[in-house]
Amino acid sequence: MSPSAYTSSITAILSSSLLLPSVLMIACLLFLYLAYRLALRAFSSSASAAAATAPARKLPLPPGSMGWPYIGETFQLYSNSNPNIFFALKQKRYGSIFKTHILGCPCVMVSSPEAARLVLVTRAHLFKPTFPASKECMLGPQAIFFQQGEYHARLRRLVLRAFMPDGIRGFVPNIESVALCALRSWDGRMVNTFQEMKTYALNVALLSIFGKDEISYMEELKQCYYTLEKGYNSMPINLPGTLFHKAMKARKQLGQIVAKIISSRREKKVGDAGGLLRSFMEAKEALTEEQISDNIIGVIFAARDTTASVLTWIVKFLGENPAVLQAVTEEQEEIMNSKVVDEEEKSLSWADTKRMPMTSRVIQETMRVASILSFTFREAVQDVELEGRFFFFFFFFFFQLAFCRVPWFDLRLFGNAGYLIPKGWKVMPLFRNIHHSPDNFPNPEKFDPSRFEVSPKPNTFMPFGNGSHSCPGNELAKLEMLVLLHHLTTKYRWSVSGLQSGIQFGPFALPLNGLPMTFSRKI
Ligand code: HEM
């Protein structure tokens, strides 16, 4: 091939519409990679001055302030009854990753979807779950929340087996009975919505744990659980007379009740009652009675206030948004009418609960707006370097070129080359900030279920967490909410008692005073 022919064929290839963007892209990627390496080196050298006193640090700590010695910024966090105000102010000032110091612990708070995913999913092995020791001994040190590694994976398989659709679909008629019974008991009364929803959620949790047939010991078990619960947020002082002491005693009794249920099941060889206990008892690698009871108590704890808070918010939001309530009621009435045979209403089925898209969107939007779990806690098990945003830039740039769009540059992406999270520091992914960011959800304070007609951007909607510790009870939670809402909207109307607005935290976000309401039957 002559040089001129060679040159012209290269020109022809280069000018072809497919290759030119690719060459440009490779050149840009190379350029950005070099820039990234240079930035990393710059950070290393700026940190080297401190290397004589501290271990070599490649990256700086995140921006933020650490407050006073030991107490840190605890007062700033608790000076307002709403901790989200503290988080939002910090985020505005320092960006989506910032450091602070709360209750004697240095913390890094993360509120970008990418950083939260990194902590909870892609590098989850570098961050262990962490709870105050008093909470751990109250719920049971062998409960799933506190575990990592093989034991955690084993427990999680057993819990998921009980709470995945196949494990719970058979419970729909039983959950429906529990819902109808609850609604009947509210009829014509002024009730504290949250307290009533707690009773409903507890009954559903016990059903899903002990199965349809288990009725012995249930009252005793509930009474012990109520005492345990009262001590959960108390000062951890284990002296006779204190709430904490009573709670620890109740915890011991709960363990004994679970042991009695296990042994009576073994004697009777009850096999088909279903539920979590059955899943635990049929584990290939047997669990001890203590492990079973720690996890049963833990699951009751995880299932109850969470679901009850979301249900309380749903009742509030539906009451405040008549058009949405109307749409939900119409959807539910259509299902109800399709279930009437010979003037009798048949039980809901699992398939019916899959025909409730509008109601499901209301649940999703409620979980986003209310974000009842504003954040979760992890602890860095070693020094962890959070890479900068160059990685995301690569991805983004590639995407732009691949789809032949005009590349645009978000300068914030050049903002940093990364941060160091030192070993032992707490790390808090801030779910609520992610759910309330206008970048992820336009007009975020507005209750608008229609936004869920399209799926949210990846990692921006995490009401059930993310990764290996994400909520294994999410299918059950959604199911029990749908069943209750079916009967609530088709058969009852409700109104707020008294002028009360506002939020309380205890520890979940809740309408003020648990939302006192009057419910009455429609016909
Ligand atoms: C609307 C109700 C619920 C919400 C919003 C919710 C939310 C969450 C979240 C965010 C986590 C992850 C926490 C973390 O990563 O640190 C979690 C974990 C967990 N949830 Fe739920 N949950 C709900 C209902 C339930 C129910 C009904 C059950 C059981 C029947 C349950 C059982 C659990 C368990 C056992 C874990 C710990 C999982 C592990 O550590 O591997 N939750 N939940």
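**Figure 1. The lining of the largest cavity draws most on helix H11, which gives four residues.** This is a predicted model, in which local features need pLDDT of at least 70, side-chain atom pairs count only at pLDDT 80 or more, and totals for chains, interfaces and linings use all residues. Residues are numbered from 1 along each chain as its sequence is written, and side-chain values use heavy atoms, with hydrogens and water left out. Helices (H or I, at least four residues) and strands (E, at least two) are DSSP runs, numbered from the N terminus. A cavity is a set of points on a 1 Å grid over the protein atoms alone, where a 1.4 Å probe fits but cannot get out. Lining residues have an atom within 4 Å of a point. The structure holds one cavity of 30 Å³ or more. The volume of the largest cavity is about 30 Å³. Here a volume is the space filled by probe spheres set on the points, and grid points are joined across faces, edges and corners. The lining consists of Leu139, Tyr225, Leu228, Glu229, Tyr232 and Phe301. Five of these residues are nonpolar, none is polar and one is charged. In this count, Ala, Val, Leu, Ile, Met, Phe, Trp, Tyr, Cys and Pro are nonpolar, Asp, Glu, Lys and Arg are charged, and the others, Gly among them, are polar.

**Figure 2. The largest nonpolar core has 94 residues.** A nonpolar core is a set of buried Ala, Val, Leu, Ile, Met, Phe, Trp, Tyr and Cys residues joined through side-chain atoms within 4.5 Å. Buried means under 20% relative accessible area, exposed over 50%, and partly exposed in between (1.4 Å probe, protein chains only). Ile175, Tyr200, Phe210, Leu221, Phe280, Ile296 and Ile314 have the most contacts inside this core. Helix H14 (residues 289-320) supplies the largest share, 13 residues. A second, separate core has 15 residues, among them Val108, Leu118, Leu386 and Tyr419. In soluble globular proteins, nonpolar side chains tend to be buried together. Of the 523 residues of this chain, 48% count as buried.

**Figure 3. Phe280 and its neighbours.** Contact means heavy atoms within 4.5 Å. Not counting residues up to four places away in sequence, Phe280 touches Leu155, Leu158, Val159, Leu287, Ile292, Asn295 and Ile296.

**Figure 4. Tyr151 sits in helix H7 (residues 149-163).** Tyr151 counts as buried, because its relative accessibility is 14%. Residues up to four places away in sequence aside, Tyr151 touches Gln142, Leu287, Gln291 and Asn295. Tyr151 and Leu515 are 364 residues apart in sequence and 40 Å apart in space, C-alpha to C-alpha.

**Figure 5. Gly211 lies in the loop between helix H10 (193-210) and helix H11 (218-232).** Gly211 has 3% relative accessibility, so it counts as buried. Gly211 touches Phe171, Leu206, Arg265, Ala273, Gly274 and Gly275, not counting residues up to four places away in sequence. From Gly211 to Leu120 there are 91 residues in sequence and 32 Å in space, C-alpha to C-alpha.

**Figure 6. Met367 belongs to helix H17 (residues 357-370).** Met367 is buried, because its relative accessible area is 8%. Leaving out residues up to four places away in sequence, Met367 touches Val310, His435, Pro463 and Phe464. Met367 and His435 are 68 residues apart in sequence, yet 9.1 Å apart in space, C-alpha to C-alpha.

**Figure 7. Cys471 is the only protein donor of the iron atom of the ligand.** The donor atom is SG, at 2.3 Å. Donors are N, O and S atoms within 2.8 Å of the metal (3.2 Å for Na, K and Ca). Water is not among the atoms, so sites may look incomplete. Cys471 lies in the loop between helix H19 (431-435) and helix H20 (474-491).

**Figure 8. Asn459 and Leu515 have positive phi values.** Most residues other than glycine have a negative phi. Asn459 has a phi of about 65 degrees. Asn459 is in the loop between H19 and H20. With a relative accessible area of 23%, Asn459 is partly exposed. Phi of Leu515 is near 60 degrees. Leu515 is in the loop between strand E13 (509-511) and strand E14 (516-521). Leu515 is buried, with a relative accessible area of 4%.

Terms used: On a 1 Å grid over the protein atoms alone, a cavity is a set of points where a 1.4 Å probe fits but cannot get out, and a pocket is an open set with protein on both sides within 12 Å along at least five of seven lines; lining residues have an atom within 4 Å of a point.
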